[in-house]
Amino acid sequence: MEISSKEISKDLILSHLKTLFLKKGYPENFLFWEKIFYFNYNNLEFTVEITLVVEEKRPLLILNYHASKLGLASFERPTLSIARLFFNPLPYFAVLTNLQNYILLEVYPQKIKKGGEELIPDYKTIRSYQPPFEKPFNKDIEEKILAFYLSGG
């Protein structure tokens, strides 16, 4: 999908992503759109919206859309914190996109790939995925990172 200088409607974004995931074999009933989470840190309250959560008995993948043409990579670390704080077990993958560029974060070993739609694993691949290992994390640090990001810091 080509990004124009005009802002893309939310309906168009969700429609494009739905079509993409259905083409990759994901059952529609495993796609949960616009999930809202609440986060509190040191008297600060935040609302976090995740564009898409793919879940089949456990979270498999989360995806966030950001309109940014440049700087999509600046959302990598906060997205990892979101995966770590709001999901147990962790999703296997997190995806960032502006519908032109995609960043695939392999959550457990923290590997990052950049490219296009082809980076999103198809349903068969994700169902048989076995994370190589789980990298430990400190919940307090993840909360600080997310609060810093959400407060615009």
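The structure holds eight salt bridges, and because it is a predicted model, every distance and angle below is computed from predicted positions. Side chains of opposite charge can pair when their charged atoms come close. Three of these pairs are set out in the table.

| Salt bridge | N to O distance |
|---|---|
| Glu-28 and Lys-18 | 2.6 Å |
| Glu-142 and Arg-84 | 2.6 Å |
| Glu-143 and Lys-139 | 4.0 Å |

In the pair of Glu-28 and Lys-18, the closest N and O atoms are 2.6 Å apart. This pair links distant parts of the chain, since Glu-28 sits in the loop between α1 (10–23) and β1 while Lys-18 belongs to helix α1, ten residues away. Glu-28 is partly exposed, with a relative accessible area of 44%, and Lys-18 also counts as partly exposed, at 30%.

The side chains of Glu-142 and Arg-84 form a salt bridge as well, at 2.6 Å from N to O. Glu-142 is part of helix α4 and Arg-84 part of helix α2, so the pair ties together parts of the chain that are 58 residues apart in sequence. Is Glu-142 buried or exposed? With a relative accessible area of 2%, Glu-142 is buried, and Arg-84, at 8%, counts as buried too.

Glu-143 is buried, with a relative accessible area of 18%. Elsewhere, salt bridges that share partners join Lys-10, Glu-34 and Glu-49 into one network.

Helix α4 itself spans residues 139–150, twelve residues in all, and reaches 16 Å from its first C-alpha to its last, close to the 16 Å expected at 1.5 Å a residue. Which residues of α4 are buried? They are Glu-142, Glu-143, Leu-146 and Ala-147. These residues cover an arc of only 130° around the axis, and therefore they lie on the same side of α4. On the other side of the helix, Lys-144 and Phe-148 are exposed. The buried residues of α4 pack against β1 (31–41), β2 (44–55) and α2 (76–86). At the start of α4, a side-chain oxygen of Asn-138 comes to within 2.8 Å of the backbone nitrogen of Asp-140, and the helix is followed by Gly-152, whose phi is positive, near 85°.

A pair of aromatic rings is described by the distance of the centres and the angle of the planes. The count comes to twelve aromatic pairs. One of them joins Phe-37 and Phe-86, which are stacked, with 5.0 Å from centre to centre and 15° between the planes. Phe-37 lies in strand β1 and Phe-86 in helix α2, so this pair ties together parts that are 49 residues apart in sequence. Phe-37 counts as buried at 16% relative accessibility, and Phe-86 is buried at 18%.

The rings of Phe-39 and Phe-86 have their centres 6.3 Å apart and their planes at 85°, so that pair is edge-to-face. Here again strand β1, with Phe-39, is linked to helix α2, with Phe-86, across 47 residues, and both residues are buried. Ring pairs link Phe-37, Phe-39 and Phe-86 with Tyr-41, Phe-46 and Phe-87 into a cluster.

Definitions and conventions. Residues numbered from 1 in each chain as written. Predicted model: local features only at pLDDT ≥ 70, side-chain atom pairs only at ≥ 80, totals over all residues. Heavy atoms only, no water. Helix = DSSP H or I, 4+ residues; strand = E, 2+ residues; numbered from the N terminus. Expected span 1.5 Å × (residues − 1). Buried < 20%, exposed > 50% of the residue type's maximum accessible area, 1.4 Å probe, protein only. Arc of directions from axis to C-beta. Contact = heavy atoms within 4.5 Å. Polar contact = N/O pair within 3.5 Å; in protein donor to acceptor, adjacent residues only side chain to side chain. Phe/Tyr/Trp six-rings, centres within 6.5 Å; stacked < 30°, edge-to-face > 60°.
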